[in-house]
Amino acid sequence: MDFNMKKLASDAGIFFTRAVQFTEEKFGQAEKTELDAHFENLLARADSTKNWTERILRQTEVLLQPNPSARVEEFLYEKLDRKVPSRVTNGELLAQYMAEAASELGPTTPYGKTLLMVSEAEKRLGAAERDFIHTASISFLTPLRNFLEGDWKTISKERRLLQNRRLDLDACKARLKKAKAAEAKASCEGDTVPDFQETRPRNYILSASASALWNDEVDKAEQELRVAQTEFDRQAEVTRLLLEGISSTHVNHLRCLHEFVKSQTTYYAQCYRHMLDLQKQLGSAQGAIFPGTFVGTTEPASPPLSSTSPTTAAATMPVVPTVASLAPPGEAALCLEEVAPSASGTRKARVLYDYEAADSSELALLADELITVYSLPGMDPDWLIGERGNKKGKVPVTYLELLS
């Protein structure tokens with residue numbers, strides 16, 4: 001118990017000394033040991049990394065889970081080290097409602113059949129979203145969270161310890177400065193020749209004794225300063241090494257960012273593929289219900305997703321609307337069945353979107369350019385032969401607006 005009391009008293013004294021030094025520095029009454037410029041730059045970069053990592057983490061969580069209540073629930077499960085329960089995505093919930101509506105309204109009716117087709121597509125979209133959230137959480141959110149809860153806490157702890165060592169060092173410097181000033185004053189008083197005729201020559205004796213005491217105080221302060229300087233230098237080196245490790249953190253976060261982009265590209269590519277399949281099914285169903293209507297629902301012959309880079313796949317994903325819906329005001333787009341071939345068998349067409357040829361048999365297209373198109377006997381009705389100058393190749397009908 002006696003030992004604990006002594007330690008408590010010692011800690012209280014150290015805390016009080018640091019508090020006094022800190023307060024005097026704030027009021028400009030004490031000198032402060034400044035860190036070198038490189039060290040200050042490391043501190044600034046570390047703080048910036050921490051702040052932006054927190055912002056990116058929070059906004060990515062909002063992107064993956066827009067519902068704030070669900071995010072709070074997931075946070076509580078993580079803090080309690082419990083498994084987060086599986087949650088139905090919005091797409092899957094919509095698919096469930098559509099399926100139930102089709103069952104009640106009549107699955108054999110045109111509306112019911114369409115509801116069922118859209119329901120299946122929405123279910124696949126919901127599953128793709130679930131996979132994307134899971135992959136992004138593991139490959140991107142977890143490393144960012146580990147940095148904030150692990151590495152950054154270690155850096156913060158060592159920075160606080162360095163701050164304490166710096167306060168101790170500056171307090172020792174201030175103590176040594178005061179001791180030297182008192183020693184010099186005592187020495188000046190001791191150099192005065194005493195007058196032994198006085199009845200009280202003891203002032204001279206007291207001055208000599210005080211000078212000796214201040215000499216001891218100066219020696220003690222110098223020893224404490226050497227110890228404090230050694231501890232400060234050691235802690236500064238430890239903190240410097242941790243701060244320089246921020247570069248490795250950037251490399252790790254860069255790799256995680258690439259993984260996030262890859263998973264996001266895969267997710268949107270899957271959504272694009274599912275919606276193209278759905279539009280094709282809806283076009284076939286609409287053609288069966290309304291035989292005289294042409295709907296451009298065929299999937300454009302873009303390069304296969306597996307054979308292209310994620311950037312190319314994402315860049316060549318246009319929305320495929322119907323030809324009729326894309327006609328400008330006052331100018332009707334003709335259906336293929338309604339186009340009467342001219343004497344030469346060719347027609348003019350305006351390109352609606354950029355199109356990248358998948359192979360040498362296809363013709364690359366640029367939006368808004370005019371080309372000559374025609375069809376060959378036995379050719380797939382969803383494709384035409386396009387000519388531009390001396391270049392010729394297959395072009396998808398859904399990318400064209402046939403002109404009268």
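I took helices as DSSP runs of H or I with at least four residues and strands as runs of E with at least two, numbered from the N terminus. The model is predicted, so I kept local features at pLDDT of at least 70 and side-chain atom pairs at pLDDT 80 or more, while totals for chains, interfaces and linings use all residues. Residues are numbered from 1 along each chain as its sequence is written, and side-chain values use heavy atoms, with hydrogens and water left out.

Entry, aromatic rings. I searched the whole structure and found seven aromatic pairs (Phe, Tyr or six-membered Trp rings with centres within 6.5 Å; planes under 30 degrees apart are stacked, over 60 edge-to-face, the rest tilted). In one of them, Phe132 and Phe260 have ring centres 6.2 Å apart and planes at 40°, so I noted the pair as tilted. Phe132 belongs to helix α5 (residues 110–190) and Phe260 to helix α7 (residues 246–289), 128 residues apart. Both Phe132 and Phe260 are buried (under 20% relative accessible area with a 1.4 Å probe, protein chains only; exposed is over 50%, partly exposed in between). I also noted that Phe132 and Phe260 form one aromatic cluster with Phe140, Tyr267 and Tyr268.

Entry, charge over a ring. Arg55 lies over the face of Trp52, 4.5 Å from the ring centre (CZ of Arg or NZ of Lys within 6 Å of the centre and within 35 degrees of the ring normal). I found Lys394 over the face of Trp383, at 5.2 Å from the ring centre.
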